[in-house]
Amino acid sequence: MACFRPPSPLGFGATVCAAAILALSVSLAIPPLPRAFARPGSGGDNQTKESLASTTSPRLQHNSGQETIKGGQRSLLPYDIWPEMPASQLSRGFHNSKDLVPRLLRGIGIPADARLAGSQSHERPRQPSGICPSTITQSTSQAIVAGALACSDPGLGTLENHYWRAFDMNTFTGGQAYDVTSLEFGIEQAESLFGTDQPLTVNLYANHGSPFPDGDWQLNLLASSGEIRVPNQEFTIFNVPLTATVPAGTLELVMEVLSPDQTLEHNFFIIGSNPDPETGLSYLSAPDCGNPVPSPVECFLGPMHYVFNVNGSCVGGPGTPTPTPSPTAPPSCPPTVIVGNIDNTDPIQTDRLFRDGFPDFCACAGTCFTVAAGAIHYDAYTFTNTTGSPQCVTVGIDTDCQGSNFIFTAAYLGTFDPNNICTNWIADEGQSPIPGNPTPFSFNVEDGQTFVLVVSEVTANAGCLSYTMTVSGLCSSGTPTPTPSATPTPTATAIQTPTPTPTATVRPIPTPRPHPTPRTRPTPPPP
């Protein structure tokens, strides 16, 4: 209710080879599974995990709550946990390094100095300043940490992956021509089970017209390294000498690191990244995993940002750049703020949404899953985009309601059906908000479209004394009023018996905004 993240290689010894062959023999004995989007498991061993539901039902069985034990005390988590699976049982899809290689084989063939080299290389300052810096980068940190994803076949190797960045040349050079002398990229893992290196290709493109991944960059290859062999190493920054001139007036310089299908050689390559802020988006495309078009990394369920650097200088030195007119900023709209609370007098929905821990945002769409939780009370608020143009709407919820009083917010296109809470779903906040962290999420709304924001309790009948919802990016007249939907009659079938895995429910996606162009996000079946 409302009141409003190269040294010379070493060979394998006979013992190591035997271990590797044994491990691979085990993995090869497992029938290949279809390629699919796979979410890496999360959480520590001390966390109580929810069991997953049937492949024919989008619902998960709800236990007493997601818990962690700290200081002997149980504490509920603001997100839900996917159960982890052994690498031998994981299907082809997007995985992080811990899913890819059996634990006893990690680091084989990688000299100790190669494993430690990254701790030295990331201390170099690389933040550019002024026009025509000697290094162009969008990374605020050069640290390389574990956590990036790659399209992979666990136990066999990584499949074809393309890692991307697009550098705005007006920002870095003021529109001047730029002479490139070398490129650098981070490596989280480059590991060959039976060899000492793996193939990669680095490409540079000039983009015009529209921001990447749109524009004409595919027609404008500036330079290519050809196939290079990268020695086994971990947590390093790798330098590739490459010369090219970026023409004056180029909108964006696009850098690609291409890792081909490496399963036949049993190689594992994962790009280097960190979770620190970036000044431009990182992109990933992987045709073998159903994602042939570059999409923001956040679309693959991880806030990891690639470390890419372009070294060089402006043609003729820094000089004075030609002024480029800046676009006129659109008029700002004051946010809509609603203060509300949830109690047992509010309408009821059947079950609740699964909290995957990743807020959705305008550049890519998510997937809806539900948890069997019984009769859940909620508030609903209806908005209409009357601005005359598509809008990226951002929603944040701030509350002191924690633990058994957690709440969760989602957006629906057009109408909300409390009996089928994945119908018309378009986005959600990923996890329950905690004090001081409103977990903002965003979604696109076309002109004239109506959407509904639903704030619900996580635990049946627990309620929430107070929350504050802030809706930004939508010029609206007046403050919306709550729009309760018909209350369904709870039945005994609201609590379902757990079975192995959930299935995503198909739901409509609004027409994407022109900039940035949203890309199709692979639909993830859980592990």
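## Terms and basis

A residue counts as buried under 20% relative accessible area, as exposed over 50%, and as partly exposed in between (1.4 Å probe, protein chains only).

The model is predicted: local features need pLDDT of at least 70, side-chain atom pairs count only at pLDDT 80 or more, and totals for chains, interfaces and linings use all residues. Residues are numbered from 1 along each chain as its sequence is written, and side-chain values use heavy atoms, with hydrogens and water left out. Helices (H or I, at least four residues) and strands (E, at least two) are DSSP runs, numbered from the N terminus.

## Disulfides

A disulfide is a pair of cysteine sulfur atoms within 2.5 Å.

The link of C368 and C422 is left-handed, with -85° about the S-S bond. C368 lies in the loop between β22 (348–353) and β23 (370–384) and C422 in the loop between β25 (407–413) and β26 (425–428), so the pair ties together parts that are 54 residues apart in sequence. Both C368 and C422 are buried.

Another disulfide, between C132 and C314, has an S to S distance of 1.8 Å. The torsion about its S-S bond is about -80°, so the disulfide of C132 and C314 is left-handed. Because C132 lies in the loop between α3 (112–121) and β5 (135–137) and C314 in strand β20 (residues 308–314), this pair ties together parts that are 182 residues apart in sequence. C132 and C314 are both buried. In the disulfide of C151 and C289, the sulfur atoms are 2.0 Å apart. The link of C151 and C289 is right-handed, with 85° about the S-S bond. C151 is in strand β6 (residues 150–153) and C289 in the loop between β17 and β18 (291–296), 138 residues apart. Both C151 and C289 are buried.

## Aromatic pairs

Rings of Phe, Tyr and Trp (its six-membered ring) pair if their centres lie within 6.5 Å; planes under 30 degrees apart count as stacked, over 60 as edge-to-face and the rest as tilted. The whole structure has 16 aromatic pairs. One of them, F212 with Y283, is edge-to-face, at 4.9 Å centre to centre and 85° between the planes. F212 lies in the loop between β10 (197–207) and β11 (221–224) and Y283 in strand β17 (residues 282–286), so this pair ties together parts that are 71 residues apart in sequence.

F212 is buried, with a relative accessible area of 4%, and Y283 is buried at 8%. Both belong to one aromatic cluster formed by W164, Y205, F212, W217 and Y283.

## Nonpolar cores

A nonpolar core is a set of buried Ala, Val, Leu, Ile, Met, Phe, Trp, Tyr and Cys residues joined through side-chain atoms within 4.5 Å. The largest has 46 residues, and those with the most contacts inside it are Y163, F185, M255, V257, I271, F308 and V310. Strand β9 (residues 178–192) gives the largest share of this core, 6 residues. A second, separate core has 24 residues, including I338, C401, F451 and Y467.

## A loop residue

Q402 is in the loop between β24 (391–399) and β25. Q402 is partly exposed, with a relative accessible area of 25%. Not counting residues up to four places away in sequence, Q402 touches P433, I434 and P435; contact means heavy atoms within 4.5 Å. The C-alpha atoms of Q402 and C464 are separated by 8.6 Å, and the two residues are 62 residues apart along the chain.
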